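User: Hi, I'm new to this one. Could you walk me through it?

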Amino acid sequence: QTYKFVIVPKAMNNPFFDVARDGCLKRAKELGNVECIYKGPVEHEPATQAQIIQDFITQKVDGLAISVADVAAMTKSIEAATAAGIPVITFDADAPGSKRIAYIGTNNKDFGLALGKQLLQLKPEGGKYAVVSGGPGAKNLAERVDGVREALKGSKWVEVAGSPTFCNDDPALAVQQMADLRTATPDLGAIVPVGGWPMFAPEGYKAFVNKNKKDIDAGKLTLVVADTLKMQLELLRDGYSNALTGQRPFEMGEKAMDTLLAIKKGQKVPEVIYTGLDLVTKDNVAQLLK
Amino acid sequence: MAVPLESPISFTNVGRIRWWQRGIFASQTGYVLLALLGLLIAMHFASPYFFTQGNMQNVAKNFSFIAIATLGITFVIITGGIDLSVGSMMCFSAMITSMVMSGLSTPGMPGASLFVHLAADGKTVVANVPGLILLVSILAGLVTALIVGLVNGFCIAVLGLSPFVTTLGMLSIVRGLGYVVSNGRGSFPGGPDADYFYALTSGDLFGVPAPFIYLVILAAVMAVVLHHTSFGRHVFALGGNEKAAELTGIPVVRVKIEVYVICALAAGLQGIIVSGWLGSAPANMATSYELNVIAAAVIGGANLAGGVGGPLGAIVGCVLLEVIRNGLVLAQVSSYWQQTLVGVIIILAVLVDRIRSRIT
Amino acid sequence: MAVPLESPISFTNVGRIRWWQRGIFASQTGYVLLALLGLLIAMHFASPYFFTQGNMQNVAKNFSFIAIATLGITFVIITGGIDLSVGSMMCFSAMITSMVMSGLSTPGMPGASLFVHLAADGKTVVANVPGLILLVSILAGLVTALIVGLVNGFCIAVLGLSPFVTTLGMLSIVRGLGYVVSNGRGSFPGGPDADYFYALTSGDLFGVPAPFIYLVILAAVMAVVLHHTSFGRHVFALGGNEKAAELTGIPVVRVKIEVYVICALAAGLQGIIVSGWLGSAPANMATSYELNVIAAAVIGGANLAGGVGGPLGAIVGCVLLEVIRNGLVLAQVSSYWQQTLVGVIIILAVLVDRIRSRIT
Amino acid sequence: METAGAAGQPVLELTGIGKEFGAIRALHDVDMQVFPGEVVGLMGDNGAGKSTLVKIIAGNFRPTQGEVRFGGNAVHFYRPIDARVVGIEVVYQDLALADNLTAAANVFLGRELKRKFGPFAFLDHNAMAARALELFGELRSETRPHDLVKQMSGGQRQAVAIARTRLSNAKLVMMDEPTAAISVRQVEQVLGLIHRLKEQGVAVMLISHRMPDVFAVCDRVVVMRRGEKRADKSIRDTSPEEVTALITGAKEAA
Amino acid sequence: METAGAAGQPVLELTGIGKEFGAIRALHDVDMQVFPGEVVGLMGDNGAGKSTLVKIIAGNFRPTQGEVRFGGNAVHFYRPIDARVVGIEVVYQDLALADNLTAAANVFLGRELKRKFGPFAFLDHNAMAARALELFGELRSETRPHDLVKQMSGGQRQAVAIARTRLSNAKLVMMDEPTAAISVRQVEQVLGLIHRLKEQGVAVMLISHRMPDVFAVCDRVVVMRRGEKRADKSIRDTSPEEVTALITGAKEAA
Ligand SMILES: Nc1ncnc2c1ncn2[C@@H]1O[C@H](COP(=O)(O)OP(=O)(O)OP(=O)(O)O)[C@@H](O)[C@H]1O
Ligand SMILES: Nc1ncnc2c1ncn2[C@@H]1O[C@H](COP(=O)(O)OP(=O)(O)OP(=O)(O)O)[C@@H](O)[C@H]1O
Ligand SMILES: [Mg+2]
Ligand SMILES: [Mg+2]
């Protein structure tokens, strides 16, 4: 018997989910009896996601893995799917309190805390810092921002006004905002993007770094960036950032297939599966790049 | 001023207009409807699930989720204007409604004591008058929409700003305010009346989804207003020739303000209904829906240059977009090709209208 | 047909047009420029860093990133059309350019042997003719844009479809194709010519960013084309009265196709430049930029009803949008309020134009 | 023809009206009076300012200088509806028609006939079509009430615009070249219409380039030249030749 | 006046032309010939189909039935430019002006004067303005080449439309009510212009509701009624009264 499993990202225009998709596809191929369908709203918009879930319920797919765009909205959709006999798990972004069977992903609060701790480790003496976020509506990003703040609370780091800025997942805008933040506060000591956006525009990002090369080399500006996509690791290797903290989207995709299959087979699965975080600095970057 | 009247002239060179040269059969709406039928048949062959009752209910519900807003914007489009703030407006109204609903249901919040009290167990919140909170909160959402509509209308009709720029600014303003009031988090309907709210928005009557019923009622009202009241006539006149409308004494400023208010109210109502179905009013709800809504109206035959449009067209446009969306998911088209196909089908659907120039 | 000619009549009731009643001073562009100046002064007081050289360079670069596309769409808007596919087009052209560039630079890819060979070390890729790959790949990107522009133009001019619906469909089609060709991942410029590419797109000349130089040149060319060639005249005539343009023998179909092609090419070029600066062409690049681009043109004085617009206005609109964006970050306004303020300032900026109706 | 000159108070009185469009002085210091039941012809070369004057009286433009008095009171019309409310009806030179509506709808634009159903008032389509057909018949115009104005011939459009003025009990009717596009026999009807209006005590201002028409119905003729009033004569004291000379500037003033 | 009837081959020959707009039969079985150097008056009630006929000849509409022959050859004009290319100039009743351009730009629309700079051709603004002023002067019209058409009076607009026909060496000039909005003295100029065209051997088709004008310049008059041709007479064999009767339908055919 073959199973049709669907992974529904929050937004298809985010390269993060492409990695999760690749993981899912690879695992589905290995398993043989599983088909992985990847489909979600193009932009991050909850109502569209809910409609897509509805369509899959109609199609009677065998399992859903959802990156939740809005908790309350998805809680209802998950209930509908469960009522139709379709098992649902969440990945990347959770809907705690819903009827989802399991969550695979990162603890976003921990993610933020890790980013903050990395910064603190690199520069315990503190200074002014700013955060770049993706969109004001995203709960997981908000949790990361809170994590960063919590980690830095009580230290000598203070957040500047106007932080976080929201780049709407647009790489170009993220770089522009980093430049603007630095211009607005010339003694800004650190910028912490809670997603990899600025580095998705490698040349723009390099141009920004090169302009501030002196300060970075002198330790006056520290860049701790979330996510560990290949291009980000390369940038870190070449000295364009001080540290990265990454999730493991590829693993999320793989685990989603495994978990759904296990559920289908009637096995018991753990409710929360953390895929873990990669803390990357100059020292271990080569190892991650392989 | 009665003058002796001759019998009216007979027009010897005018034949009878045959049925297929008249009304809907001679309009873009009619031809897009034709394209829609073709699409439905194609979808039936592409997926066995398409014509199941459950899926039809879904389709009916989903398209009603933008159709009410499309009805509203059709008024604006007929006058030759545009409103880009509908998406933001949907979100903001929904948010205000949920916030007021939860706020009034939380004992301790200012004013809440007028509406709720704690039950004997000290925990359950009970409404003083069942349904009152619902009423007040929906009104709050609609009043918000009304205010935004008035501001749009004022800038466009009285100050004479371009509708595109004004409503683009308003798109930004209203979305931003949504983030500000909810601190970026969105809001949830809650309290003792939430169940009524869900029943009204995502319930159904004899299997017909509630939003669909509202849509049908509103569309019927709109058809009557457009074609059988002087307001409707003035809306068309404005779109046909604004200068002439002004010269013949139509209260252009008032009519313009009214259409933007109607549009904002429709968007607000739409947002409230969607949030009831979602069970939440997230801050990024309905992002960039304005393009869908405008597209639905235009595909259904409304003309952005003004003077043409109607409720049937608005609905046909919405159904078409929803059938494309739903059908492609059901047909399991690769996600990446889907977007391309959506575009192709939209263009093909309006292309069908070109047969018209062949046969007339 | 020479006829005896009397001396032309003198117009006794016509005075001299004073300088402030003429040209730019009597146009929306002029007044928005005024608003921009006001905004610049306000920003100067809001942040001492606003007028630093570095920030001015940033602003100059950032606004050039949408300004070239805005120049292109201004042609379309002057004819009374609209093009919603510019954002997708930017992304797609950029993607094709990078893909071709990396593809031709990878020994083993079909055709690559014509362009590159491996150096003696067996690893370094060396171009056969330096710059040739760059040329070919940029051409590939532009040809893609050309084709999309031709399709847009064909649907609109020849088939007579509505520009809104056609280009909305194309928005979807082109974005979808971008996902399809890159499998959702986007692409990166690479190979031996990548450095030239970066130099051409993100380099500068005597401190002036390269995109800004291109912009100035293109704007100057556009001004000449619009006002001093018959093509430009026909573009205006089309926007003023399409029927009359047709009747007076203007090749309406050709002119329309040409403006959509120009618009697509400008968007393509813009996308290529932006991707050079970014160092990547992600699949979600320039999402929903079409609204910014249209807004910039309209704020600068182009009229969506057709017949009015120009390069200066396009640039002023882009600068205004960028100054608002940059200024609000510099002024450390809370991010939630930023969006609201962006909207308010946009509306206020065009409101300044209303003084015009006071003084004339 | 009666002379209305002394028939009491003028309905319309203009003093020192001036209008500038940027550098163009379209009107300069125009004084004029129109009395009830009087038909005044307004003539002048193209661009003389006739239409501009009409538009100022109709509340379409505001004058740069001068005062408009209507029915004895100084009036300030901000919008055309203000002028219509006090009893000024206008046939505009560009006709002011909404192309996407039918002839009947255009005739009744802004004062639709309605039928009450409880608190609601719905358009009475049949009544409007019937009345419009009646009005077109009165003008002997082959205009079909249900046709879209967009599809009409030039003369049919003009008939629609003229028919409009028949709906209300106006005190002043201004017609800006009402006979420009219409056919021979309708011209007679329009002139007949003007006669009937006059008999009902309505003041009429007729702008026309057709000398015979003006001399057939007008009591008085006012000649404009380059924005200034050059002559204001009883029709009995002048001749087509003199008026032509005044229009072309061959004769400077009278 | 010469009779052109036998002057060789007709420039324009229509056979069995019909045109339907949905249920409206705007033209039905119209035959007609126009010879070089002949001035043909086309008269008829409003909505009789005159403008439709002109538009068919000018390539603006395609006829539902019938054939158009120009200069001896059957022609099929798909667009107005096709007609212009073979030498047909038209003054449209609705003037066909681009409101956002200046008078000079409108006159030269579609055939701008250019100056070459190497491979590039730029508009010669001065030459066009000068020539336009000349043309307006020729019509005695107070029209300023640099003014926007949007701001012009009705007669000035008409002068612009007429001036256009003077730019090329047309074989057939059709004028659809060219004198409707223009003032007394310009009417003379337009009639003079028609005379000059005739002398140069150009065929002219004049549509007008002004009987005196038609009788002043035309060699022949064609009367239309409800889409059909009712009469086609040499001007010497008819009278204004007869034509009026034919137009109104009082007299059925001649
Ligand atoms: N909106 C406007 N803006 C600028 N100039 C204008 C405007 N309206 C009219 N004019 C100018 O004012 C002058 C008077 O125009 P008006 O329309 O009153 O002439 P008219 O006497 O009605 O001529 P006609 O007999 O041709 O209709 C003209 O020179 C015209 O160009
Ligand atoms: N595009 C169209 N669609 C439908 N009907 C039309 C169209 N154009 C003209 N007609 C109809 O065809 C008939 C003839 O119109 P046409 O304009 O040829 O009349 P005309 O003889 O020029 O009249 P006028 O003297 O008023 O200019 C009219 O009844 C008109 O309503
Ligand atoms: Mg006039
Ligand atoms: Mg006509």
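User: How far is the polar backbone atom of G49(E) from an oxygen atom of ligand 2?

Analyst: Quick note: this is a predicted model, where local features need pLDDT of at least 70, side-chain atom pairs count only at pLDDT 80 or more, and totals for chains, interfaces and linings use all residues. Residues are numbered from 1 along each chain as its sequence is written, chains are lettered from A and ligands numbered from 1 in the order in which they are written, and side-chain values use heavy atoms, leaving out hydrogens and water. For G49(E), the distance from its polar backbone atom to an oxygen atom of ligand 2 is 2.9 Å.

User: How much of ligand 2 does the protein bury?

Analyst: Accessible areas here come from the Shrake-Rupley method with a 1.4 Å probe, and for residues only the protein chains shown count as cover. Taken alone, ligand 2 exposes 640 Å², and the protein buries 91% of that.

User: Which chains surround ligand 2?

Analyst: There are 20 residues around ligand 2 (a heavy atom within 4 Å). S153(D), G155(D), K50(E), S51(E) and T52(E) come nearest. The site is shared between chains, because the residues surrounding ligand 2 come from chains D and E.

User: How many salt bridges are there between chain B and chain C?

Analyst: The contact (heavy atoms within 4.5 Å) takes 39 residues from chain B and 39 residues from chain C. A salt bridge needs a side-chain nitrogen of Lys or Arg within 4 Å of a carboxyl oxygen of Asp or Glu. Between chain B and chain C, the count is zero.

Methods
A polar contact is a pair of N or O atoms within 3.5 Å; within protein, one must be able to donate a hydrogen and the other to accept it, and residues adjacent in sequence count only if both atoms are side-chain atoms.
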